[in-house]
Amino acid sequence: MEGNMKFVYPMRRDGLFILRSEDYDDIAQQVLQEHAPIRLSKVGILDIEQLAEALDLVIGEEYLSKDGSILGVISFGDTVEEYFDHAFQPKRVKLGQGQILIDPRLRTRENYGRRRFTIAHEIGHWLTQRT
């Protein structure tokens, strides 16, 4: 759950926040305070998948592009999108609100950091771009 986090920033007419680079530090501080306060005082690895779960986000895997140029997406509402099966043939995928999809090619050991970054990136979209 998102709990007590309240973002108070100027907004565009379409409801998206107008954020400066330093605002992202403030948002990160609020997220850590709410969901991982130990990380504000003790250096360590943030369990990014646990954070996603705490925000009621669901992580799944799909081939999002044939060439690996799209590594992650998040759904802001129930929708059906076209992605690819393991043979890179088009397929339709139902997405629910708050569902993160990550390219399965990021499952490898050498892509561990990239996978974590991509999940965190999609969480950032969820926190800052929902209207």
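Predicted model: local features only at pLDDT ≥ 70, side-chain atom pairs only at ≥ 80, totals over all residues.
Residues are numbered from 1 along each chain as its sequence is written, and side-chain values rest on heavy atoms, with hydrogens and water left out. Local features were required to have pLDDT of at least 70 and side-chain atom pairs were counted only at pLDDT 80 or more, whereas totals for chains, interfaces and linings use all residues.

The protein comprises three helices and five strands, where helices (H or I, at least four residues) and strands (E, at least two) are DSSP runs numbered from the N terminus. Read from the N terminus, these elements follow the order α-α-β-β-β-β-β-α. The C-alpha trace spans about 45 × 40 × 25 Å along its principal axes. Of the 131 residues, 35% count as buried, a class defined as under 20% relative accessible area, with exposed meaning over 50% and partly exposed in between (1.4 Å probe, protein chains only). The accessible surface, computed by the Shrake-Rupley method with a 1.4 Å probe, comes to about 8,600 Å², of which carbon and sulfur atoms contribute 51%. Among contacts (heavy atoms within 4.5 Å) with a separation of 6 or more, 54% involve residues 24 or more positions apart.

The structure holds five aromatic pairs, a pair being assigned to rings of Phe, Tyr and Trp (its six-membered ring) if their centres lie within 6.5 Å, with planes under 30 degrees apart counted as stacked, over 60 as edge-to-face and the rest as tilted. The pair of F7 and F17 is edge-to-face because the ring centres are 6.2 Å apart and the planes stand at 80 degrees. Both residues lie in the segment before α1 (21–35), ten residues apart. F7 is buried at a relative accessible area of 17%, and F17 is likewise buried at 18%. F17 also pairs with Y9, again edge-to-face, with 5.8 Å from centre to centre and 85 degrees between the planes; Y9 is buried, its relative accessible area being 14%. Through these ring pairs, F7, Y9 and F17 are joined into a cluster.

Three strands form an open sheet in the order β1-β5-β2, with mixed pairing, where two strands are taken to pair if DSSP finds at least two bridges between them. Because β1 (58–61) and β2 (72–74) each have a single partner strand, they stand at the edges, and one side of each is left without a neighbour in the sheet. From one strand to the next, the twist averages 20 degrees. β1 and β5 (residues 99–102) pair in the parallel sense over four bridges, and V58 has Q99 in β5 as its bridge partner.

Eight salt bridges are present in the structure, each defined by a side-chain nitrogen of Lys or Arg within 4 Å of a carboxyl oxygen of Asp or Glu. Among them is the bridge between R12 and D14, whose closest N and O atoms are 2.5 Å apart; R12 is partly exposed at 43% relative accessible area, and D14 is partly exposed at 41%. R20 forms a salt bridge with E22, the closest N and O atoms lying 3.0 Å apart, and another with D23, for which the corresponding distance is 3.0 Å. A network of salt bridges links E49, E61, R107 and R115.

Note on methods:
Axes fitted to C-alpha atoms, helices over the stretch in contact; angles between N-to-C directions.
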